[in-house]
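User: Hi! I have a new model open and could use a hand reading it. Can we walk through it together?

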Amino acid sequence: MIESVDSHCHLQTSVLRPNAGALVDEARYQGVREILVAGITPSETDSTVELAEQLGVWCSVGCHPCHAAEWDPQPVVRWTNHPRVVAIGECGLDYFHKPFDAHLQEQVFRDQIEMAKEANLPLILHNRDSDSDLIRILRDTNAPAGVFHCFGADRATLDAALELGFFISFAGNVTFPKAVFREIVASVPSDRLLVETDSPWLAPVPYRGKTNVPAYVTSVLLEVAKLRDEDPENLGSQVVANFRVCFPKTAPLSRNCA
Ligand SMILES: [Zn+2]
């Protein structure tokens with residue numbers, strides 16, 4: 001059995017939520033040891049935490065940059081001490097989806113960085129076509145580490161992310177033959193690597209075009225192992241260990257203390 005984790009999925013979305021229990025069972029049956037539901041909007045925070053509690057999975061709370069106009073710290077900050085809430089995000093910058101307000105995105109991102117510092121939680125970063133501004137803000141704020149979700153940037157950004165202490169998570173698009181960033185997958189140190197589905201989006205080959213689900217993360221792991229010329233079983237155990245380092249509240253020891 002190949003173990004893995006789904007470090008980033010969206011079971012709270014209307015496509016997945018009605019079947020979330022069955023999807024978690026299926027993923028666990030396939031060896032997925034840990035699942036993290038990443039927050040998208042402040043207004044959904046209560047129901048996302050409730051879902052995580054109900055399913056026995058982890059979640060993050062925050063505001064995706066494409067929803068920066070909906071930012072409201074109040075419903076987010078009140079959950080940061082909850083035992084199932086293990087990170088702030090997904091947050092960051094997105095200059096791909098247009099139109100966008102870079103100034104507003106930066107402000108909302110900075111607010112969440114401060115919140116993460118205050119709560120002593122890692123950040124889940126979303127970065128699309130915004131590499132240099134994102135790195136600038138992380139440096140400028142002395143941001144706590146965490147993970148670059150759905151990594152698809154260039155080598156310089158990878159180097160900066162690693163230097164800042166971040167983990168690098170690859171999603172289903174790493175299986176797409178034309179993905180340019182496939183060439184840097186082997187450059188990520190094995191103790192900084194994570195995998196995810198970003199479901200319901202970005203289903204990996206051979207499920208491309210279908211609704212993505214957490215169980216498909218094994219296909220992502222297999223592709224990453226292939227690109228790194230590593231044994232998938234070893235890599236799987238490594239990403240499980242990495243997950244618990246990246247998100248310390250999920251570590252078995254802190255679970256017992258909670
Ligand atoms: Zn996401």
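This is a predicted model: local features need pLDDT of at least 70, side-chain atom pairs count only at pLDDT 80 or more; totals for chains, interfaces and linings use all residues.

User: Great. How many helices and strands does the chain have?

Analyst: There are nine helices and eight strands. The radius of gyration is 17 Å, close to the 18 Å from the globule rule for 258 residues, so the chain is as compact as a globular protein of that length.

User: And what box do the C-alpha atoms fill?

Analyst: Roughly 40 × 40 × 35 Å along the principal axes. As for burial, 48% of the 258 residues count as buried.

User: Now the inside. Which residues have the most contacts within the largest nonpolar core?

Analyst: That core has 74 residues, and the ones with the most contacts inside it are Val37, Cys59, Leu123, Ile168, Leu194, Val195 and Val224. Strand S4, residues 85–94, gives the most to this core, with six residues.

User: Let's pick Ile168. What does it touch, leaving out residues up to four places away in sequence?

Analyst: Ile168 touches Phe148, Phe151, Leu158, Ala161, Val188, Arg192, Leu193 and Leu194.

User: Switching topic: at what angle do H7 and H8 pack?

Analyst: About 115°, with the axes of H7 (residues 217–228) and H8 (residues 232–246) 9 Å apart. Their crossing is right-handed.

User: Which residues meet there?

Analyst: From H7, Leu221, Leu222, Val224 and Ala225 meet Pro232, Leu235, Gly236 and Val239 of H8. By class, this contact has seven nonpolar residues, one polar and no charged ones. Val224 is also one of the residues with the most contacts inside the largest nonpolar core.

Note on methods
Residues are numbered from 1 along each chain as its sequence is written. Axes are lines fitted to C-alpha atoms, for helices over the stretch in contact, and angles run from 0 to 180 degrees between N-to-C directions. Helices (H or I, at least four residues) and strands (E, at least two) are DSSP runs, numbered from the N terminus. A crossing is left-handed if the near helix is turned anticlockwise from the far one by less than a right angle, and right-handed if clockwise. Two residues are in contact if their C-beta atoms, placed from the backbone, lie within 7 Å. Ala, Val, Leu, Ile, Met, Phe, Trp, Tyr, Cys and Pro count as nonpolar, Asp, Glu, Lys and Arg as charged, and the others, Gly among them, as polar. The radius of gyration is taken over C-alpha atoms; the globule rule is 2.2 Å times the number of residues to the power 0.38. A residue is buried if 20 or more other C-beta atoms lie within 10 Å of its own, exposed if 12 or fewer, and partly exposed in between; C-beta atoms are placed from the backbone. A nonpolar core is a set of buried Ala, Val, Leu, Ile, Met, Phe, Trp, Tyr and Cys residues joined through C-beta atoms within 7 Å.
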